[in-house]
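Q: I would like to learn how to read a helix and its charged pairs from coordinates. Where should we begin?

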Amino acid sequence: MNRRKFIIGSGAFVTMVSLSSYSYIELGKDLKREKIKRPNPNNFKEPILKAIAYGVSASNPHNTQAWKFKIVNELELLLFIDATRILPETDPTTRQIHIGCGCFLETASIGMTQEGFASKIYYFPEGDYEKKELGTLPIAKLILKKNINVISSNLNTVLLHRKTSRLQFSDDVISNSTWKNILELIGYKHNEIQLFTDVQFLSKIKPILSEGMKIESYCYRTNEESRKWFRENDDRIESKRDGINLPGNGIFGIKKWFAEKKLKGLESKEWNNKKTINYTLKSHDKKVTSSTNIITIKSKTNTMLDWVKAGQDYTRLQLACLANDFFTHPLSQVLQEFEEMKTLRKKFKKSMQVKENEKIQMVVRVGKSKEPYFSYRRRINDMVM
Ligand SMILES: Cc1cc2nc3c(=O)[nH]c(=O)nc-3n(C[C@H](O)[C@H](O)[C@H](O)COP(=O)(O)O)c2cc1C
């Protein structure tokens with residue numbers, strides 16, 4: 001077994017089973033490529049490594065996994081942003097990257113209830129920071145405490161196999177009773193979570209959401225950022241273990257084969273070709289237009305702390321939806337802070353009757369679909385400082 005030692009704060013060592021398929025979740029034993037996608041918490045001894053193994057399953061923007069961990073001891077860690085994995089063009093304020101940190105913290109905390117641990121999160125333990133200090137000061141300190149009274153969260157039934165679905169949804173509308181179940185499962189939340197199903201209202205909102213994707217795709221800088229994080233074939237997906245890809249966008253079989261051929265080498269010219277962009281936009285628009293449920297997470301202010309907490313809420317929302325057989329798919333474009341999105345962002349804000357200081361942190365379409373793609377995570381030892 002390949003073991004690596006990490007020196008921890010006290011000068012002692014934490015050992016970790018690493019680079020071994022043994023420590024990763026096995027899905028579909030017959031499918032070779034599905035074998036070793038995400039860390040399996042069962043195969044880590046130290047509670048803090050178990051927490052990381054749960055946490056990295058979290059949703060995060062473009063699957064860049066912009067997380068770095070400083071292990072303090074077997075029960076504590078400091079979470080930092082990995083500044084080499086941020087999205088400066090589409091996320092110039094780093095709001096979404098901070099949401100991804102909140103997603104990690106909540107996923108880890110929920111997972112650890114299964115192990116009989118309560119989690120305490122201390123936000124920005126060394127104080128707030130300027131953007132230029134990003135990655136140098138911690139987002140949070142996570143402290144685990146063994147507690148015999150801790151009950152495993154019901155959200156654990158779906159946590160380790162959670163996924164985003166970018167597939168076509170059926171026309172199932174979330175009923176009042178299902179929404180009640182979802183809210184009950186979410187339990188504690190920091191922000192307002194609203195469900196919109198009114199057909200007339202959605203017919204006004206959905207074109208704005210679609211338009212957001214059009215603006216992001218036709219803006220050269222932001223479209224190039226997607227190219228940077230795009231993994232063009234199975235070998236790249238498997239070796240990089242991050243980013244976005246064709247199967248994650250619901251492109252399989254012969255369509256995938258053709259698309260891979262077209263995108264071979266990921267040339268900027270082909271990526272930014274109007275025909276290529278329009279093909280993607282058409283498929284995206286169809287999925288948005290046919291969606292029957294839109295959910296938003298709205299904060300009263302728009303601070304870094306609000307961003308992290310919105311990520312915690314999104315995690316609980318997504319898992320609660322999954323536990324009720326509904327997938328979520330964020331449609332973040334219209335919320336993004338880059339200049340070219342300004343006019344549409346304002347229009348969306350007005351249409352959603354969002355007050356001056358408030359911010360919709362997440363807008364997601366929600367629905368039932370076929371089983372979507374299960375995305376990779378990098379190895380934990382690549383994320384430990
Ligand atoms: C803040 C945030 C914004 C996101 N925005 C989008 C988005 O606009 N479009 C999209 O397809 N997925 C979006 N996602 C989902 C991520 O791309 C997804 O979580 C990541 O690729 C990992 O895949 P998984 O969720 O299936 O594990 C977002 C996730 C987060 C946390």
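Q: Which elements do the buried residues of H10 pack against?
A: This is a predicted model, and the answers here are computed from it. The buried residues of H10 pack against helix H5 (199–218), helix H6 (220–228), helix H8 (253–263), helix H9 (268–271), E11 and E12.

Q: Which residues of H10 are buried?
A: Buried means under 20% relative accessible area. In H10 these residues are Thr276, Ile277, Leu281, His284, Lys287 and Val288. Seen down the axis of H10, the buried residues fall within an arc of 125°, so they line one face of the helix.

Q: Which exposed residues does the face of H10 turned away from its buried side carry?
A: On that face are the exposed residues Lys274, Lys275, Tyr279, Lys282 and Lys286.

Q: What span should helix H10 have, at 1.5 Å a residue?
A: The expected span is 1.5 Å times one less than the number of residues. Helix H10 (residues 274–289) has 16 residues and should therefore span 22 Å; the end C-alpha atoms are 22 Å apart, which agrees.

Q: What does a side-chain oxygen of Asn273 reach at the start of H10?
A: The oxygen comes to within 2.7 Å of the backbone nitrogen of Lys275.

Q: Now the charged pairs. How many salt bridges does a search of the whole structure find?
A: Side chains of opposite charge can pair when their charged atoms come close. The search of the whole structure finds 20 salt bridges.

Q: Which parts does the salt bridge of Arg316 and Glu106 tie together?
A: The side chains of Arg316 and Glu106 meet at 2.7 Å, N to O. Arg316 lies in helix H11 (residues 304–323) and Glu106 in helix H2 (residues 95–113), so the pair ties together parts that are 210 residues apart in sequence. Both Arg316 and Glu106 are buried.

Q: What does Glu337 form a salt bridge with?
A: The partner is Lys359, and the closest N and O atoms are 3.3 Å apart. Glu337 is in the loop between strand E11 (327–330) and helix H12 (342–351), while Lys359 is in strand E12 (residues 359–367); the pair links distant parts of the chain, 22 residues apart. Glu337 and Lys359 are both buried.

Q: Is Lys355 buried or exposed?
A: Lys355 is exposed, because its relative accessible area is 58%. Lys355 forms a salt bridge with Glu358, with the closest N and O atoms 3.9 Å apart. Glu358 counts as buried, at 10% relative accessibility.

Q: Which residues do salt bridges that share partners join into one network?
A: The network consists of Asp82, Arg85, Arg231 and Asp242.

Definitions and conventions
Residues are numbered from 1 along each chain as its sequence is written. This is a predicted model: local features need pLDDT of at least 70, side-chain atom pairs count only at pLDDT 80 or more; totals for chains, interfaces and linings use all residues. Side-chain values use heavy atoms; hydrogens and water are left out. A salt bridge is a side-chain nitrogen of Lys or Arg within 4 Å of a carboxyl oxygen of Asp or Glu. Helices (H or I, at least four residues) and strands (E, at least two) are DSSP runs, numbered from the N terminus. Buried means under 20% relative accessible area, exposed over 50%, partly exposed in between (1.4 Å probe, protein chains only). The arc is that of the directions from the helix axis to the C-beta atoms. Contact means heavy atoms within 4.5 Å. A polar contact is a pair of N or O atoms within 3.5 Å; within protein, one must be able to donate a hydrogen and the other to accept it, and residues adjacent in sequence count only if both atoms are side-chain atoms.
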